[in-house]
Amino acid sequence: MILNLTVLPGDGIGPEVTEQAVLVLQAVADGFGHELKLQRKLIGGAALKAANDPLPAETIQACLSSGAVLLGAVGSPEFDKNPGHLRPEAGLLRIRRELGAYANLRPAVFFPALEDCSPVRAEIVRGADIMIVRELLGGAYFGTPRSIEGEPGARVAINTMRYGENEIERIARVAFDLAMKRKKRVLSVDKANVLECSRLWRDVVTRMGKDYPEVKLGHQYVDSAAMLLVQRPAEFDVILTENMFGDILSDQAGGVVGSLGLLASASIGGPVGLYEPVHGSAPDIAGKGIANPLGAILSAAMLLRHSFHLEREAACIEEAVSAVLAKGVRTADLAGRTHASISTVEMGKRVVEAIAASVGPALKSI
Ligand code: IPM
Ligand code: MN
């Protein structure tokens, strides 16, 4: 198969981690007989610097004409004073919209080898395998009107949280379908005691749940869900929630399972899928060669699974990552006081080696 990809390295640690993810994709392509075709394009701060636009038309074109998009991260303190549309993040929000990527899947899986990385006791976090399904094109992120107006000292800011029934239906369907392939449990997270958007959300999700009699559907207010995520992480299966709650809860889930650096995501639903690690651009450690590339590498696995239906290849990457972690190999974010740490490049190399070791024998057995 030809794997036609657009890579958007972006800002901060984005280029470092995507480089390792590309090497891993290359190893899998070699091992399974696929051809990787890549083009790299600018987004975020990198694009602002080059073209004064966080998402140049050329980048959109490239993404729309490829089979999938792999993104690193966007964001840089350099642009903190810029108006909203000239911030790096605006590029990310626009590419999500251009690609119609309304469904953001963010798995948070606990790796047994990383017991000591979680701030939560091992017996509590053991077995945690959560799939956060975050609505990605609605809510306060995109609602209008939005503005900051008025004289300094008396300014007023407005954001609008908005959801239509069709937007809730389509994301709920993704969550229920995923749950059918997992433990058949969906927890819908909202703030229905306060927000109209959440009351509509709960109503529509409840109605949709009737189409999935086998799925056990629960509802939880977001504040309470945040507590339960720390208290009983192993009891979750699929979490279904709106854009901003999903943004917050996915970082929290990353903390619970040991490091945000491990979390991958898939943004799907439109014609072309977008895959990115959940961590941001981490400007404080950019360029130091110490970032954890596993979030990006696991995003590459999701890319193979969701955009190319290459399940064996995706599983091969995931198993390689588990195997490497099981050997005690760790980047700085995972090392703590007990382990030595290796660089971004070295971690990528270890995963590539693990893939080569597993694919060699597998191919011979065919
Ligand atoms: C994420 C990020 C983005 C978001 C930012 C960079 C716009 O935090 O992907 O979680 O809020 O969606
Ligand atoms: Mn986030």
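This report describes selected features of a predicted model, from its ligand site to its helices and salt bridges.

## Surroundings of ligand 1

Ligand 1 is surrounded by Glu89, Leu92, Arg96, Arg106, Arg134, Tyr141 and Asp247. Several of these side chains place a polar atom close to an oxygen atom of the ligand. For Tyr141, the distance from a side-chain N or O atom to a ligand oxygen is 2.6 Å. For Arg106, a polar side-chain atom lies 2.8 Å from an oxygen of ligand 1. For Asp247, the corresponding distance between a side-chain N or O atom and a ligand oxygen is 2.9 Å.

Two residues around the ligand, Arg134 and Asp247, also pair with each other: they form a salt bridge in which the closest N and O atoms are 4.0 Å apart. Arg134 is buried, at a relative accessible area of 1%, whereas Asp247 is partly exposed at 27%.

## Other salt bridges

Side chains of opposite charge can pair when their charged atoms come close. The whole structure holds 24 salt bridges. One of them joins Lys184 and Glu214, with 3.8 Å between the closest N and O atoms. This pair links distant parts of the chain, 30 residues apart: Lys184 sits in the loop between helix H6 (165-180) and S8, and Glu214 in the loop between helix H7 (196-209) and strand S9 (216-221). Lys184 is partly exposed, with a relative accessibility of 28%, and Glu214 is exposed at 53%.

A further salt bridge brings together the side chains of Arg232 and Glu235, at 3.4 Å from N to O. Arg232 has a relative accessible area of 41% and is partly exposed. Glu235 is likewise partly exposed, at 48%.

## Asp190 at the end of strand S8

Asp190 is part of strand S8, which covers residues 185-190. Its relative accessibility is 0%, so Asp190 counts as buried. A polar atom of the Asp190 side chain lies 3.0 Å from the backbone nitrogen of Ala192.

Beyond its neighbours within four places in sequence, Asp190 is in contact with Ser198, Trp201, Arg202, His219, Gln220, Tyr221, Val222 and Phe245. Among these partners, His219, Gln220 and Tyr221 fall within the range of strand S9 (216-221). Ser198, Trp201 and Arg202 fall within that of helix H7 (196-209).

## Helix H1

Helix H1 runs over residues 14-32 and has 19 residues. From its first C-alpha to its last, H1 reaches 27 Å, close to the 27 Å expected at 1.5 Å a residue. The helix is mostly covered, with 14 of its 19 residues buried. Just after H1 comes Gly33, which takes a positive phi of about 75°.

## Val351 and its contacts

Val351 lies in helix H13 (residues 344-364). It has 0% relative accessibility and so counts as buried. Leaving out neighbours within four places in sequence, the residues in contact with Val351 are Val24, Leu294, Ile297, Ala320, Val321 and Val324. For Ile297, the separation from Val351 is 54 residues in sequence and 8.8 Å in space, C-alpha to C-alpha.

## Gly261 in a loop

Gly261 is found in the loop between H9 and strand S11 (264-268). The residue is buried, with a relative accessible area of 11%. Gly261 and Asp251 are ten residues apart in sequence, and their C-alpha atoms are 9.9 Å apart.

Apart from neighbours within four places in sequence, Gly261 is in contact with His279, Asn292, Leu294, Gly295 and Asp333. Leu294 is also in contact with Val351.

## Cysteines

How many disulfides does the model contain? The count comes to zero, where a disulfide would need two cysteine sulfur atoms within 2.5 Å. Cys197 is buried, at a relative accessible area of 14%. Cys316 is buried as well, at 6%.

Note on methods
Residues are numbered from 1 along each chain as its sequence is written. Chains are lettered from A and ligands numbered from 1 in the order in which they are written. This is a predicted model: local features need pLDDT of at least 70, side-chain atom pairs count only at pLDDT 80 or more; totals for chains, interfaces and linings use all residues. Side-chain values use heavy atoms; hydrogens and water are left out. Buried means under 20% relative accessible area, exposed over 50%, partly exposed in between (1.4 Å probe, protein chains only). Helices (H or I, at least four residues) and strands (E, at least two) are DSSP runs, numbered from the N terminus. A polar contact is a pair of N or O atoms within 3.5 Å; within protein, one must be able to donate a hydrogen and the other to accept it, and residues adjacent in sequence count only if both atoms are side-chain atoms. Contact means heavy atoms within 4.5 Å. The expected span of a helix is 1.5 Å times one less than its number of residues. A residue is near a molecule or strand if one of its heavy atoms lies within 4 Å of it.
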